[in-house]
Amino acid sequence: MRLIAAFFIGGLFGVGLLISGMTDTRKVIGWLDIFGDWDPTLAFVMGGAIIPMAIAWQIAARRAAPALGGTFPSPPEPRLGRNLVLGSVLFGMGWGLAGLCPGPAIASITWGGTGGAVFLVAMILGMVAAPPLKRSLQGRQTA
Amino acid sequence: MLQDWIFGLIGGAMIGIAAAAYLLINGRIMGASGIIGTLVDRSAPENGAERLAFLTGLVLIPGAVALATGTAQTHLTGNFALIAVAGLLVGLGTRIANGCTSGHGVCGISRLSLRGIVATVFYIGAGGLTVVVFRHMLGWV
């Protein structure tokens with residue numbers, strides 16, 4: 001049951017990414033192009049997504065457990081830390097260069113052609129390389 | 001333009017409803033980079049099947065919609081070296097920061113998580129600066 005739910009939720013997420021324009025790198029780069037020909041579409045996407053999710057957090061706060069059991073996620077970690085900023089800057093640079101973030105990169109793989117495949121493989125390599133890099137960064141921080 | 005905004009709003013609502021359902025039904029935060037990242041680096045072996053099911057739906061269902069409409073296009077640059085560097089940065093960055101547009105952006109901001117807000121400010125800021133440098137100054141993108 002959890003698997004079926006996850007499958008269809010992933011699908012709904014993907015169709016949302018497609019319809020909203022998040023899988024279209026021209027729209028994404030247009031949104032990031034604040035000093036050029038700025039395209040505000042992504043603000044509508046973010047707004048449209050944040051409102052239902054904010055309601056969901058309110059509902060979750062009043063419930064003991066998720067519908068299929070288990071527990072709700074713990075409250076957000078208050079500490080910011082260097083990794084959050086460093087990682088977000090690196091991510092933003094990659095997002096600005098190609099116009100794809102992780103969700104749309106996966107959702108568009110069937111129609112993204114060779115470029116889409118190159119992006120996904122490189123992204124996965126980066127994800128595999130991240131934990132050891134993170135450990136060495138933290139090691140230097142505490143040393 | 002107006003039509004783009006309406007599609008943005010509708011698609012955005014679908015993203016938000018998906019995130020809401022993943023929280024209220026499965027009890028999980030719908031963060032794309034965490035879902036794929038913990039699967040490929042094998043850092044969280046429990047619930048791997050659930051994440052794999054999510055990713056399978058994420059590939060197949062929009063893939064079927066795109067096939068049916070025949071209009072989906074990523075308009076990705078033809079410069080594969082640039083794409084590879086970008087992909088590497090996105091993979092590294094989202095895992096170091098522990099989240100991307102869906103996790104920090106949608107799920108974090110909606111519960112007023114300071115980490116989510118700070119991350120979003122930095123990745124949009126860095127993305128904006130990158131477009132300025134690489135599109136307007138260097139003309140690469």
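1. Ground rules. The model is predicted, so local features need pLDDT of at least 70 and side-chain atom pairs count only at pLDDT 80 or more, while totals for chains, interfaces and linings use all residues. Residues are numbered from 1 along each chain as its sequence is written, chains are lettered from A and ligands numbered from 1 in the order in which they are written, and side-chain values use heavy atoms, with hydrogens and water left out.

2. Chain A overall. You'll find six helices and zero strands here, running α-α-α-α-α-α from the N terminus. Helices (H or I, at least four residues) and strands (E, at least two) are DSSP runs, numbered from the N terminus. The C-alpha trace of chain A spans about 50 × 45 × 30 Å along its principal axes. Of the contacts in chain A with a separation of 6 or more, 50% link residues 24 or more positions apart; contact means heavy atoms within 4.5 Å.

3. Surface of chain A. Of its 143 residues, 52% are buried. Buried is under 20% relative accessible area, exposed is over 50%, and partly exposed is in between (1.4 Å probe, protein chains only). Chain A exposes about 6400 Å², with carbon and sulfur atoms supplying 68% of that. Accessible areas come from the Shrake-Rupley method with a 1.4 Å probe, and for residues only the protein chains shown count as cover.

4. Two loop threonines in chain A. Thr23(A) sits in the loop between α1 and α2 (25–32) and is buried, at a relative accessible area of 2%. Leaving aside neighbours within four places in sequence, its contacts include Leu100(A), Pro104(A) and Trp111(A), plus Gln73(B) and Thr74(B) from the other chain. Thr110(A) is in the loop between α5 and α6 (113–142) and is partly exposed, at 48%. Not counting residues up to four places away in sequence, Thr110(A) touches Val59(B) and Gly63(B).

5. Helices of chain B. The 25 residues of α1(B) should span 36 Å at 1.5 Å a residue, and the end C-alpha atoms are 35 Å apart, which agrees; the expected span is 1.5 Å times one less than the number of residues. After α1(B) comes Gly27(B), with a positive phi near 75°. α4 (residues 80–96) of chain B has 17 residues and reaches 24 Å from first C-alpha to last, close to the 24 Å expected. α4(B) is mostly covered, with twelve of its 17 residues buried, among them Leu82(B), Ile83(B), Arg95(B) and Ile96(B).

6. One residue on α6(B). Val132(B) lies in helix α6 of chain B and counts as buried at 17% relative accessibility. Beyond its neighbours within four places in sequence, Val132(B) contacts Phe35(A) and Met137(B).

7. Largest pocket. It holds about 850 Å³ of space, and 30 residues line it, the closest to its centre being Pro73(A), Ile29(B), Gly34(B), Asn98(B) and Arg111(B). On a 1 Å grid over the protein atoms alone, a pocket is an open set of points with protein on both sides within 12 Å along at least five of seven lines, a cavity is a set where a 1.4 Å probe fits but cannot get out, and lining residues have an atom within 4 Å of a point. Grid points are joined across faces, edges and corners, and a volume is the space filled by probe spheres set on the points. In chain B, α2 (32–40), α3 (48–69), α5 (101–109) and α6 (114–137) each supply at least two lining residues. By class the lining has eight nonpolar, 14 polar and eight charged residues. Ala, Val, Leu, Ile, Met, Phe, Trp, Tyr, Cys and Pro count as nonpolar, Asp, Glu, Lys and Arg as charged, and the others, Gly among them, as polar.

8. Second largest pocket. Its volume is about 380 Å³. Of its 17 lining residues, Leu18(A), Ile19(A), Gly21(A), Asp24(A) and Thr71(B) are the closest to its centre.

9. The cavity. There is one cavity of 30 Å³ or more, and the largest cavity holds about 150 Å³. Its 20 lining residues include Met22(A), Met46(A), Thr101(B), Ser102(B) and Val106(B), which lie nearest its centre. α3(A) gives the largest share of the lining, four residues. By class, that lining has 17 nonpolar, three polar and no charged residues.
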